[in-house]
Each structure stands twice: as C-alpha cells, then as structure tokens.
Amino acid sequence: MGANGHYRIAVIPGDGTGPEAVREALKALGAVAARENLKLEEVHYDLGGDRYLRTNEVLPPGVVDELRQFDAILLGAIGHPEVKPGILEKGLLLELRFQLDQYINLRPVILYPGVDTPLKDKKPEDIDFVVVRENTEGLYSGSGGFLRKGTPHEVAVQESVNTRMGVERCIRFAFDCCRRRDKRKKLTLCGKTNVLTYAFDLWERTFYEVAKDYPDIETDYAHVDATCMWMVKNPEWFDVIVTDNMFGDIITDLGAMIQGGMGIAAGGNLNPAGVSMFEPIGGSAPKYTGMNVINPLAAIAAMQMMLEHLGENAAGARVEKAIRKVVVEDIKSLSAGKMGYSTSEVGDLVANHIAGQ
Ligand code: IPM
Ligand code: MN
C-alpha cells in the first residue's frame, strides 16, 4: 500500500459540521501533497444521518469491504439531531471500528503554545501526553440484554468484555508507542482494580507481564478517578496512558478540554495491520452546521495523524508546523465563532503556511 507516495483515501464527511471540517483538512492535505510530491486519490462516501433519513441505510452491504481497500479513512463526524441516539453511533462509527478491527484509539493531548487551557499556571511543557484507548472491547462490545423489559422487575445488564488477546495487543501497542515517543518513557495503566476485580485484574496482570519486555519503560498505575484528578492537577506526570474503551472515552474528553477544547482535539482509530480511520474528537455540533464558524484544526490535526500513520513523517511535520503557526500567530481563540476567522479562512491559513514553508 501507498507505493511511491501514492495513497487512496476514503473520506466520510458525515454529519453536522463534519463536512465543513473535512473540506479544510483536505485543503491542507492538498497543500502538503504538493510540497511532498504525494499523489492522493480521494473517494467520498455519503454515510451518516442524512443518508439514513433519505434511504434508511446506515452502512450498506459491501461498503466495509470497499473501505478495507483504502490506505486510510478520514472521518468528519457522526451524529444527527433527527436520528435517535445510538443508531448512527453504534451502526456506523462503532461498526466501522469493530469490523475494521481498529483496536487502538490513539488520542494525543497536546497544549500548543498560544492556546488557552483552563488549567491555571500549566504550560505547553506540562500538557503533552497520549492516551491509548482500547477500541474494540469492554463495555462497548454490545454484550448484555434485558430481562422482564418494561415491567417493574426489569433487569438491564451491560457487560464489559475483556479478552487476553485484546488487552495484550493494546498494552503492547502502548509500550511501543511510549518507546517511540522517547519522552518521559513512562506508561500509566488507568483502571479500577479496587472495584472491577475481574476486568482490571486481567489488565493489571497483562500489563506487568508485557512490561518485562520493555525494561526501558517505567510502569505506573492509577485508578480512573485518580487519573481525572491528576490530569487536572499534575498533567505533567503523564507520558502515555493506556486504558479500556469506556474509561478512555471519558478521560479523552477531559484531555480535549485541558488542551484547549474540541476545536483542536484529534484521534486515530488504528488497525496497525489494516486500514485506520482518523477523526476530530468533537461531535457533529449541529447548532453550528453550515455557518462556517467551527474550528477545522481538529480535523486538520487528524489528517496530520493520518500522514504520520502512513509513514509520511515529513508531510506530517509540515502540517503540525502550520497548525502551530496558526494558533500562535493567527487565530484569537480555538472556539467556534471566536477564532477571528471563518472555518474556511483557517483552512486557507494552514494551506498557505504549508505552501510558504
Ligand atoms: C468518541 C465518541 C464515541 C464513543 C460515540 C459517538 C459512540 O464519544 O469517539 O469518543 O463513545 O466512542
Ligand atoms: Mn467520546
């Protein structure tokens, strides 16, 4: 795949502000492709709430197999105000993550210079870590059910499924990631061993067994509640955090806030042996749809992660440099409507900075 700098990218603009954000990410991608001599073929997929309301299809047969043929997927956002919660999230986003076996959700938390954090006195050097979230198991597995539904004696069970294979591949990825980063060389397991005495017993045993293969990496453990506390009080203690699907979902929203908000937070759903999917972490922001006010930097940062994942590190570095320049020199705030520029103007700024590098 990706021979001679030639890449096939599937683009799923999705719902709400997703298409506006993705448009700017593709603009920036075009600019960096020109600088780095990359040849890109982009194929757009009309999936999401509008398609569902029009045709009743969430993920038509054959689409997943088509998506497998791409080098990467760029996703805008999933979630539509007129569609009952759960249909698109489970039927599209989670279904893609599961069927494509994207077992890692990689979410960097980086405070760029010039960006406001709600954490008093914390500086860019204090907020620079990565969350490795398991992305195919745990409470997201869909295992469970109702008993006596609709009666006063109703029972609802939602099970956390943790397999040795699934936990181990996630923990190994996190150790490798920590080694590759080559920063503090510290991996924190975030769990809840004091209450989830089956699930996190498996996680903890696996963590310390795998750790033997990584003597250069310091191991650390924090309960998820304490992790939330330290992320606010001492974020500088973290280098790489590895955790299960549900805890990873929750702590990465907190992570997005301390790095300056959803306007800049990006993530990658990775299958190291298959096709990976990159997305801004924020949702579809329906109230801002079509207004040209949302911040496209998160989608642009997701595109940067995609380039790095494809091994195009020089191209990724150009994008990062341009993002840094925009947040330091150009935009007033990362929040929608307060940037001092429109969505498309921010995309233009990034593209121009790349062209002028
Ligand atoms: C995320 C989102 C999804 C999740 C939702 C939309 C299903 O919150 O990517 O973090 O819970 O994983
Ligand atoms: Mn989430």
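Start by selecting Arg172 and Asp213: they form a salt bridge, with the closest N and O atoms 3.0 Å apart. A salt bridge here is a side-chain nitrogen of Lys or Arg within 4 Å of a carboxyl oxygen of Asp or Glu. Arg172 sits in helix α5, and Asp213 in the loop between α6 (199-211) and β9 (218-223), so the pair ties together parts 41 residues apart in sequence. Helices (H or I, at least four residues) and strands (E, at least two) are DSSP runs, numbered from the N terminus.

A word on the model. It is predicted: local features need pLDDT of at least 70, side-chain atom pairs count only at pLDDT 80 or more, and totals for chains, interfaces and linings use all residues. Residues are numbered from 1 along each chain as its sequence is written, chains are lettered from A and ligands numbered from 1 in the order in which they are written, and side-chain values use heavy atoms, with hydrogens and water left out.

Now colour by accessibility. Buried means under 20% relative accessible area, exposed over 50%, and partly exposed in between (1.4 Å probe, protein chains only). Arg172 is partly exposed at 29%. Asp213 is partly exposed too, at 43%.

The structure as a whole holds 26 salt bridges.

Next, select Lys183 and Asp128. Their side chains meet in a salt bridge at 2.9 Å, N to O. Lys183 lies in the loop between α5 (164-181) and β8 (186-191), while Asp128 lies in strand β5 (residues 128-134); the pair therefore ties together parts 55 residues apart in sequence. Lys183 is partly exposed at 45% relative accessibility. Asp128 is buried at 17%.

Stay with strand β5 and pick Arg133, then Asp249. Their side chains form a salt bridge of 3.7 Å, N to O. Asp249 belongs to helix α8 (residues 245-258) and Arg133 to strand β5, so this pair joins parts 116 residues apart in sequence. Arg133 is buried, with a relative accessible area of 1%. Asp249 counts as partly exposed at 25%.

Last stop: Gln158. Find it in strand β7 (residues 155-158). Is Gln158 buried or exposed? Gln158 counts as exposed, at 52% relative accessibility. Show its contacts, meaning heavy atoms within 4.5 Å. Leaving aside neighbours within four places in sequence, Gln158 touches Leu139, Ser143 and Gly144. Finally, draw a C-alpha to C-alpha distance from Gln158 to Trp203: 19 Å in space, across 45 residues in sequence.
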